[in-house]
Amino acid sequence: SAGLGDQWWLAWLDPIPILWFAFDEAKGLQVFLAAWLAYAMGETSVLRAYGGVMPVSVMFLAIGGPALAFALAVSGARRIQRRFGDIAGMFGFAALWAAIDFMGSFSNAGGAVATPAAAEVGTPMLIQSASLVGFIGITFLLGLVGAGLALTLRTRAALPAVVAIAVFALNADFGFWRMSQPAAETMHVALIDSDSVTGGVRKEDKAATMKAIDAYVIEIEKLRRANPSLIVL
């Protein structure tokens with residue numbers, strides 16, 4: 001589900017094995033390394049698209065960066081659960097993962113492109129709550145459900161799983177209700193197909209870049225009479 005993966009349902013289950021391990025008596029360093037390695041393995045899906053195209057250093061950051069965020073959230077949740085209890089640990093993981101995801105969205109290297117919430121694009125019904133809380137809310141939900149199920153599997157206490165399943169069901173119900181409503185507004189959108197306009201650009205070339213920008217400007221000018229509300233390049 002991570003990176004360029006398209007298995008949306010796995011994103012709800014992926015954190016469970018690592019969190020199950022974290023909420024035990026394992027050493028902190030072991031938990032951190034296991035969490036980092038597991039998420040990095042998931043992120044290797046980006047190699048299918050960018051392997052051999054982007055520099056190795058960039059690929060390492062694209063894989064290791066999100067994995068570091070996940071590992072920090074897991075380690076933090078472990079400390080919270082040990083000090084304040086299961087429910088606190090459950091919400092702690094979700095909050096930490098969402099908070100780190102939010103901070104990462106300010107990166108100049110791609111913003112929120114690596115958010116785990118992107119895994120849910122394949123099931124629109126489960127991401128309608130983003131209309132209320134943004135993509136960060138989806139990351140929070142993914143973390144909450146996974147942590148709740150992991151805690152119940154680890155401690156045999158039913159409450160974390162009950163909370164997790166209830167939250168999942170409420171989110172799904174809201175999505176079903178929202179998508180079943182008739183559209184109240186429409187937006188006039190124009191799409192400029194970049195490949196046919198500018199051609200493929202696969203290297204740093206200032207002249208080619210400026211030529212591509214000029215091509216976009218020309219196409220945008222052609223849309224003046226159509227007066228679109230949004231232009232997608």
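**A walk through the predicted chain**

Arg224 pairs with Glu221 in a salt bridge whose closest N and O atoms are 2.8 Å apart; the term covers a side-chain nitrogen of Lys or Arg within 4 Å of a carboxyl oxygen of Asp or Glu. Arg224 counts as exposed at 58% relative accessibility, while Glu221 is partly exposed at 43%. Here buried means under 20% relative accessible area, exposed means over 50%, and partly exposed lies in between, with a 1.4 Å probe and protein chains only.

Before going further, a word on what you are looking at. This is a predicted model, in which local features need pLDDT of at least 70, side-chain atom pairs count only at pLDDT 80 or more, and totals for chains, interfaces and linings use all residues. Residues are numbered from 1 along each chain as its sequence is written, and side-chain values use heavy atoms, with hydrogens and water left out.

Now step back to the whole chain. It holds 10 helices and 2 strands, counted as DSSP runs numbered from the N terminus (helices are H or I with at least four residues, strands E with at least two). Along the sequence they follow the pattern α-α-α-α-α-α-α-α-β-α-α-β. The C-alpha atoms fill a box of roughly 65 × 50 × 25 Å along the principal axes, and 34% of the 233 residues are buried.

Let us return to the charged pairs. Side chains of opposite charge can pair when their charged atoms come close. The count comes to 4 salt bridges. Among them is the one between Asp24 and Arg154, with closest N and O atoms 3.6 Å apart. Asp24 sits in the loop between α2 and α3 and Arg154 in helix α7, so this pair ties together parts that are 130 residues apart in sequence. Asp24 is partly exposed at 31% relative accessibility, and Arg154 is partly exposed at 21%. Another bridge joins Lys222 to Glu219, at 3.2 Å between the closest N and O atoms. These two are 3 residues apart in helix α10, so about one helical turn separates them.

Next, look for open space. A pocket is found on a 1 Å grid over the protein atoms alone: it is an open set of points where a 1.4 Å probe fits, with protein on both sides within 12 Å along at least five of seven lines, and its lining residues have an atom within 4 Å of a point. The largest pocket holds about 880 Å³, a volume being the space filled by probe spheres set on the points. Its lining has 32 residues, and Leu61, Ala62, Pro66, Val113 and Ala114 lie nearest the centre. Helix α5 gives the most to this lining, with 8 residues. By class, the lining divides into 21 nonpolar, 9 polar and 2 charged residues.

The second largest pocket has about 200 Å³ of space. Of its 14 lining residues, Ser1, Ala2, Asp14, Pro15 and Tyr39 lie nearest the centre. Helix α3 gives the most here, with 3 residues.

Finally, two backbone spots deserve a look. Most residues other than glycine have a negative phi. Arg156, in the loop between α7 (130–155) and α8 (159–180), has a positive phi near 70°. Asn227 also has a positive phi, about 50°, and lies in the loop between α10 (206–222) and β2 (230–232). Arg156 is exposed at 70% relative accessibility, and Asn227 is exposed at 57%.

How values were computed
Ala, Val, Leu, Ile, Met, Phe, Trp, Tyr, Cys and Pro count as nonpolar, Asp, Glu, Lys and Arg as charged, and the others, Gly among them, as polar.
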